[in-house]
Amino acid sequence: MDNSANKRLETKRDPMGQAIYDFFHTGKAAKLRVMSSMFYEDEMPVTTLFREFDDMPVQEQKAIELCRGRVLDVGAGSGCHSLVLMERGLDVVAIDISQLSVDVMRERGINAMNVNYFDETFVEKFDTLLFAMNGIGIVGKVERLGDFFRSARRLLAPGGQLLLDSSDIGYVFTDDDGSMDIDLAAGYYGEIDYTMRYKGIKGEPFDWLYIDFDTLSMYAEEYGFICEKCIDGEHYDYLAKLTLK
Ligand code: SAH
């Protein structure tokens, strides 16, 4: 799995980007299927990727309310958060490694760029870095949190903040008696492998991290950030705000 800083998605192997592109241009899309070695195959409704403020979960609505100054929407997808922020008068830049998504965002009037968050040559400064819909997932594995915080440090203007929502997926592995059925030697339980498929397009497998608040706080502290919980979501999820110490 290529998680390098130079990584961009190949358009022929970008199922989610193609689904976003189709839905934007035709008003409909085929099934976007999500596979993992850890779960049964699932479907991601493409309409979800085009949600409006009222359809967003509380943690995303709260994140939008907390955004200030110049905002970087990381892994912006269809640009649904960027659009709401722009309507509220904020200055927004959206980045995504999917050229198809970037094309759609530009058509929607968003200042979007095909940039990888981990790319060290991207050196602009922002007051808010927004990672919506478990956007910290792009880290893939906890061992990569160092890279995540290094990029954040590079991109943050003085006094800037990171806003991210994630979930504690420990409940998936918890038995009825409350004990956890996890392989401790296998690494952190929130590290999930995914593959997506849309029409005939199969994406490359990728690692996606879900991180509970305590683990996030511990790493944030280690890398020089203060981590505060802003709000709990409805299903083991939360919104956190991180600032430099
Ligand atoms: N934030 C959007 C989309 C979430 S899907 C929403 O809430 O609807 C995650 C997105 O992150 C995808 O569009 C994917 O292409 C993008 N992505 C994955 N890794 C990335 C990286 N390293 N840098 C920037 N974008 C990335």
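**Ground rules.** I worked from a predicted model, in which local features need pLDDT of at least 70, side-chain atom pairs count only at pLDDT 80 or more, and totals for chains, interfaces and linings use all residues. Residues are numbered from 1 along each chain as its sequence is written, and side-chain values use heavy atoms, with hydrogens and water left out.

**Entry 1, salt bridges.** Side chains of opposite charge can pair when their charged atoms come close. I took a salt bridge as a side-chain nitrogen of Lys or Arg within 4 Å of a carboxyl oxygen of Asp or Glu. The count by this rule is 14 salt bridges.

I looked up R51 and found it paired with E60, with 3.0 Å between the closest N and O atoms. R51 counts as buried at 8% relative accessibility, and E60 is buried at 4%.

I then went to R150, which forms a salt bridge with D147 at 2.9 Å between the closest N and O atoms. Both residues lie in helix α5 (residues 145-155), 3 residues apart, or about one turn of the helix. Helices (H or I, at least four residues) and strands (E, at least two) are DSSP runs, numbered from the N terminus. D147 is partly exposed, with a relative accessible area of 29%.

Next I checked K245, whose side chain meets that of E221 in a salt bridge of 3.3 Å, N to O. K245 lies in the segment after β12 and E221 in helix α6 (residues 213-222), so this pair ties together parts that are 24 residues apart in sequence. K245 is exposed at 58% relative accessibility, while E221 is partly exposed at 48%.

I also noted a network of salt bridges that links R70, D91 and E124.

Most residues other than glycine have a negative phi. I looked up two residues with positive values. M133, not a glycine, has phi near 60 degrees, and N134, also not a glycine, has a positive phi of about 55 degrees. M133 is in the loop between β6 (126-131) and α5, and N134 is placed in the loop between β6 and α5. M133 is partly exposed at 32% relative accessibility, whereas N134 is buried at 6%.

Where does Q161 sit? I found Q161 in strand β7 (residues 156-167), buried at 1% relative accessibility. The Q161 side chain reaches the backbone oxygen of L66 at 2.8 Å. Leaving out residues up to four places away in sequence, I listed what Q161 touches (contact means heavy atoms within 4.5 Å): L66, C67, R68, D127, T128, L129, L156, K241, L242 and T243.

Which residues make the nonpolar surface patch? I wrote down Y171, V172 and Y236, for an area of about 280 Å². Patches are made of residues with over 30% relative accessible area and no salt bridge, with nonpolar side chains (Val, Leu, Ile, Met, Phe, Trp, Tyr) joined within 5 Å and like charges within 9 Å. The areas come from the Shrake-Rupley method with a 1.4 Å probe, and for residues only the protein chains shown count as cover. Y236 is in the loop between β11 (225-232) and β12 (237-244).

Key:
Buried < 20%, exposed > 50% of the residue type's maximum accessible area, 1.4 Å probe, protein only. Polar contact = N/O pair within 3.5 Å; in protein donor to acceptor, adjacent residues only side chain to side chain.
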